[in-house]
Amino acid sequence: MPLTKEDVAGIADYARIALTPEELDEMTAYMNDAIDLLEPIRQYDLEGVEPTFHPIGDLSNVMAGDVPDTSVRALPLDAALRNAGSSRDRCFRVPSILGDQGGDR
Amino acid sequence: MATAPTSLDTLSARQVAAGVAAGDFTATEVARAALDAIERRDPEVRAFLQVSADLALEAAAATDARRAAGEALGPLAGVPVAFKDNMNLVGTRTTCASRMLEGYESPYTATCVQRMLDAGATPVGKTNMDEFAFGSSTESSAFHPTANPWDASRVPGGSSGGSAAAVAAGEATIALGSDTGGSIRQPASLCGVVGLKPTYGAVSRYGVVAFGSSLDQVGPFGRRVEDVALAMNALVAGGRDPWDSTSQAVAPDFLAHLDDPVEGRRVGVVPALMEAAGLSDEVRDAVAAAGRALVDQGAELVEVDLPNIASAIAAYYVIAPCEAFSNLARFDGVRYGYQEPGRATLAEQTSLSRAHGFGEEAKRRQMLGAYLLSSGVYDTYYYPAQQVRTLITADYARAYEQCDVILMPAAPRTAFRFGELSDPTQMYASDMFTISNNIAGNGGVSVPLGLGATSGLPVSAQLQGPAFADARLLTFARAIERALSPDGEGAPVAPALAGKGGELA
């Protein structure tokens, strides 16, 4: 069953991408085209086939030593803040997380 | 040296480095010649988003000072190199050709970029691309299109279209790109240059903006196979990069076996691929000619089968959008990137920053990924796509029991016109011959084969190989180049651009 505009609006909300009404129409058409392209995946008998999540099969959860890297990779404060749209002192600045209504939307 | 002025158009990377080391010319003269070529040619091609003239001249002066002090020079001493604009280089912006990162100053330098600089390369600038590498034509760049140097009314391919075009136009000797589903090999094919996607893990991705984390790989473009081999040596010389957890140690010498004979070695051909719908006659003929060139040198063609790669595009367009959605969630407009002003709540600021910072295709891919990862849908597409990935990988493993490399097309047809593929899902078919290799994690190289009989535009063949056999791919690529390129010495600079600037004083 094809995705409706309402379905796509819900996905846009989850993906945090505000879409205009025209964009929502175009996106709905695209999503349904793209999902049609994926149809071969549903046609397989995959009983007993293990998934491959990563091309290097035996690689998982590579851990680094629990040692702060303060010399090389830690960005100086000014470099870390330089690309932020809004900052104050040592901090990134954001609007209210809860807003007037108290919920997180 | 000849008495006639020498042009960078005709010098290989090795010749540039040797000339600098011998004192035939200085690295500064080379840098000035490259910047001159960019100034004269790039108004037509628009391969660059940013030309780093100051960095280039600084690096070149440092190379010249090292020579004056009697120090040994690197294997890429003075060689003009361009970097795709998803690679961080301190002193440049890294925009991914997106409004989202329009003013983003690189806070550190990517390992792949640093290793080229450590080998003595001169960084001439950052190249155009499809926004966040989503595309096959470079048309989705938020800033401007890039023209194919062989025909300015056509696209250079993508997503690394700027890097391929810069090399084809003679604006750089070597360029780096990244390849998630064909983004090095397809533009190399359309621009008539060599482009190698190494095995997944061979080149560090630290400092390269992520798209599909189980698929992305960095690799070089050059007009000669040897230049690509030299670049690979520089990229892997430092060994495994501890800052990229997928980085693997790789045998270091890509030059040692470059001119090994291919006699007695086996080249796989997949009949179904050579009959694929959408493959043009001239590309099919060119790939067949490359096969004959290998047979003439004593190689044997063997038929192999890759039954599941017909589903590779479907598997890719499940896996890649999911990984892209996950990676691009970081662009929330807070720590970096476009920030929508004057919003009362974080949620509103985030969704409008993302709406206005990302272009259409970047939104499409993330929306598709968000849907495919949502509850209930995951089991229908995402998990089965990873099982299909197992089948595709097994197909390749079986094929490589019978052959050393597989020969196939890189792109189904030559460069298309701007706007010609306006439907996004139609554009996705541009990568029909390249995508399966990213899914398996293997290496592949696009080798230029001159101009197509019908279109008069660059055609190419692709060689694919097993994991960590990338040096072998270059041996076969070199064998094709020896037989089929002018003078056996690689691809020329596109004639419309050749000779405009770029002369060593």
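Student: In which loop is A:D89 found?

Tutor: Bear in mind throughout that this is a predicted model. In chain A, β1 covers residues 87–88 and β2 covers residues 91–92. A:D89 is found in the loop between β1 and β2 of chain A.

Student: Where does B:A97 lie, and does B:A97 count as buried or exposed?

Tutor: B:A97 lies in the loop between β3 (80–84) and α4 (111–118) of chain B, and its phi is positive, near 55 degrees, although the residue is not a glycine. Burial requires 20 or more other C-beta atoms within 10 Å. Because B:A97 has 34 C-beta neighbours inside 10 Å, the residue counts as buried.

Student: Which peptide bond is cis, and in which loop is B:S159 found?

Tutor: Most peptide bonds are trans. The bond from B:G158 to B:S159, however, has omega near 10 degrees and is cis. As for its place in the chain, B:S159 is found in the loop between β4 (122–127) and α5 of chain B.

Student: How many residues of chain A are in contact with chain B, and which element of chain A gives the most?

Tutor: The contact involves 47 residues of chain A and 56 residues of chain B. On the chain A side, the elements that give two or more residues are α1 (5–14), α2 (21–37), α3 (39–42) and α4 (77–82). By class, that side divides into 31 nonpolar, 7 polar and 9 charged residues. The element that gives the most, with 6 residues, is α2(A).

Student: How are α2(A) and α12(B) oriented to each other, and which residues make the contact?

Tutor: The two axes come within 10 Å and cross at roughly 60 degrees, so α2(A) and α12(B) are oblique to each other. The crossing of α2(A) past α12(B) is right-handed. The residues that make the contact are A:M27, A:Y30, A:M31 and A:A34 of α2(A), together with B:R364, B:M367, B:L368 and B:Y371 of α12(B).

Student: Is B:M367 buried or exposed, and which residues of chain A does B:M367 touch?

Tutor: B:M367 lies in helix α12 (residues 360–372) of chain B and counts as buried because 24 C-beta neighbours lie inside 10 Å. Its C-alpha atom is separated by 9.0 Å from that of B:C322, a residue 45 residues apart along the chain. Leaving out residues up to four places away in sequence, B:M367 touches A:I11, A:A12, A:A15, A:I17, A:M27 and A:M31.

Student: Which residues touch the most other members of the largest nonpolar core, and which helix gives the most to this core?

Tutor: The largest nonpolar core has 177 residues, of which B:A315 and B:V318 touch the most other members. Apart from its neighbours within four places in sequence, B:V318 is in contact with A:L38, A:I41, B:L372, B:Y381, B:Y382 and B:A385. The helix that gives the most to this core, with 13 residues, is α10 (residues 312–328) of chain B.

Student: At what angle do α7(B) and α16(B) pack, and is their crossing left-handed or right-handed?

Tutor: Helix α7 (residues 225–236) and helix α16 (residues 470–484) of chain B pack at an angle of about 160 degrees, with their axes 9 Å apart. Angles over 145 degrees count as roughly antiparallel, so α7(B) is roughly antiparallel to α16(B). The crossing of α7(B) and α16(B) is left-handed.

Conventions:
Residues numbered from 1 in each chain as written. Chains lettered and ligands numbered in written order. Predicted model: local features only at pLDDT ≥ 70, side-chain atom pairs only at ≥ 80, totals over all residues. Axes fitted to C-alpha atoms, helices over the stretch in contact; angles between N-to-C directions. Helix = DSSP H or I, 4+ residues; strand = E, 2+ residues; numbered from the N terminus. Parallel < 35°, antiparallel > 145°, perpendicular 65-115°, else oblique. Left-handed = near helix turned anticlockwise from the far one by under 90°. Contact = placed C-beta atoms within 7 Å. Nonpolar A, V, L, I, M, F, W, Y, C, P; charged D, E, K, R; others polar. Core = buried A, V, L, I, M, F, W, Y, C linked by C-beta atoms within 7 Å. Buried ≥ 20, exposed ≤ 12 C-beta atoms within 10 Å, placed from the backbone.
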